[in-house]
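Here are my notes after a read through the model, in numbered points. Have it open next to you as you go.

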Amino acid sequence: MASQAFKALHLYTTPLSGCSARIRIASHLKCIPLIYHSISIADSQNHTKDYLSINPNGSLPSLVIEPSDNSSMKETFTITQSPAILDFLETHFPNPPLLPSPSRVAERARVLELTSLVACDIQPPQNSRIRRKIVDDFGGDGEKWAKYVYERGFKVYEEFLEKSERGKFSVGNEPTLADIFLVPAVQGGLRVGIELEQWPLMKSAVDACWELEAFRKGGLGEHGRLTP
């Protein structure tokens, strides 16, 4: 087993971080035994000397990998961005697969396309650092800006789904990385007042995700949760 190559996998996470939720959901889907370390952003624990020694960016999540004694990897190492962490988990814990195989060209491309839409065009422009900057330095409305970013991004997500062959989830009848990125983003959008009903295909995929315990356990908690 790939897991035998690792003595321990430490996930530094925070409850309302969508990026952290991606890792938690994936780990529950794959039944990966992570050791959780909760970091409070409200208390600035992500800016302490100890945490910055793990992740100089002060962001969450971070995954610290301790190799086992019989592993070819000799030293503990850290991964600090959720796409890179998910790639590591997909490589070393391949079942169930969250990314279609290279032979399934169209499905694989669509999963990566939707994942990138959330990771690049939705999550970063409205994150808490950006919102604070808008309010503190430019006198703007950070929540109104976040709502605009979510609504624009979800409209595009819906349009991609309209062009795809329909399945239960975003791509096909099994959850993929696209859903793992989408669900925490939707929860974030609900907290700023979006109405998910305006994107029925996307809502259907999210509702399907909430039927799975991995999404309920790994998501952002009850605040902003959709009712299956």
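1. Let's start with helix α5 (residues 128-138), where Asp-137 and Lys-133 both sit, 4 residues apart, or about one turn of the helix. Their side chains meet in a salt bridge, at 2.9 Å from N to O. Asp-137 is partly exposed, with a relative accessible area of 46%, and Lys-133 is partly exposed too, at 47%. Bear in mind throughout that this is a predicted model.

2. Asp-207 counts as buried at 18% relative accessibility, since the cut-off for buried is under 20%. Lys-203 counts as partly exposed at 22%.

3. A search of the whole structure turns up 8 salt bridges. One of particular interest for the fold is Lys-7 with Asp-69, at 3.7 Å from N to O. Lys-7 is in strand β1 and Asp-69 is in the loop between β3 and β4, so this pair ties together parts that are 62 residues apart in sequence. Both ends count as exposed: Lys-7 has 53% relative accessibility and Asp-69 has 69%.

4. Now for a charged residue without a partner. Arg-22, in helix α1 (residues 18-30), is buried yet has no salt bridge. How far away is the nearest side chain of opposite charge? That side chain is Asp-121, and it is 11 Å away. Leaving aside neighbours within four places in sequence, Arg-22 is in contact with Ser-82, Leu-86, Val-118, Ala-119, Gln-123, Ile-180, Phe-181 and Pro-184.

5. On to the aromatics: the whole structure has 7 aromatic pairs. Among them, Phe-77 and Phe-88 pair edge-to-face, 6.2 Å centre to centre with 80 degrees between the planes. Phe-77 lies in strand β4 (residues 77-79) and Phe-88 in helix α3 (residues 82-92), so the pair ties together parts 11 residues apart in sequence. Phe-88 is buried, with a relative accessible area of 7%, whereas Phe-77 is partly exposed, at 28%. Together with Phe-6 and Phe-93, these two form one aromatic cluster.

6. Next, helix packing. Helix α4 (residues 105-122) and helix α6 (residues 142-162) pack at an angle of about 170 degrees, with their axes 10 Å apart; they are therefore roughly antiparallel to each other. On the α4 side, the residues that meet α6 include Leu-114, Leu-117, Val-118 and Asp-121. On the α6 side, those that meet α4 include Val-149, Tyr-150, Phe-154 and Tyr-157.

7. How do α6 and helix α8 (residues 200-210) cross? They cross at roughly 85 degrees, and their axes come within 8 Å, so the two are roughly perpendicular to each other. Phe-154, Tyr-157, Glu-158, Leu-161 and Glu-162 in α6 meet Pro-200, Leu-201 and Met-202 in α8.

8. Last, the backbone. Most residues other than glycine have a negative phi, and most peptide bonds are trans. Here, a cis peptide bond joins Leu-60 and Pro-61, with omega about 5 degrees; Pro-61 is in the loop between α2 (49-54) and β3. The bond from Asn-95 to Pro-96 is cis as well, with omega near -10 degrees, and Pro-96 is in the loop between α3 and α4.

9. Two residues to check for positive phi: Cys-31, at about 55 degrees, and Ser-44, near 60 degrees. Cys-31 lies in the loop between α1 and β2 (35-38) and counts as exposed at 67% relative accessibility. Ser-44 lies in the loop between β2 and α2 and counts as partly exposed at 37%.

Definitions and conventions: Residues numbered from 1 in each chain as written. Predicted model: local features only at pLDDT ≥ 70, side-chain atom pairs only at ≥ 80, totals over all residues. Heavy atoms only, no water. Buried < 20%, exposed > 50% of the residue type's maximum accessible area, 1.4 Å probe, protein only. Lys, Arg positive; Asp, Glu negative; His and termini not counted. Salt bridge = Lys/Arg side-chain N within 4 Å of Asp/Glu carboxyl O. Contact = heavy atoms within 4.5 Å. Phe/Tyr/Trp six-rings, centres within 6.5 Å; stacked < 30°, edge-to-face > 60°. Axes fitted to C-alpha atoms, helices over the stretch in contact; angles between N-to-C directions. Parallel < 35°, antiparallel > 145°, perpendicular 65-115°, else oblique.
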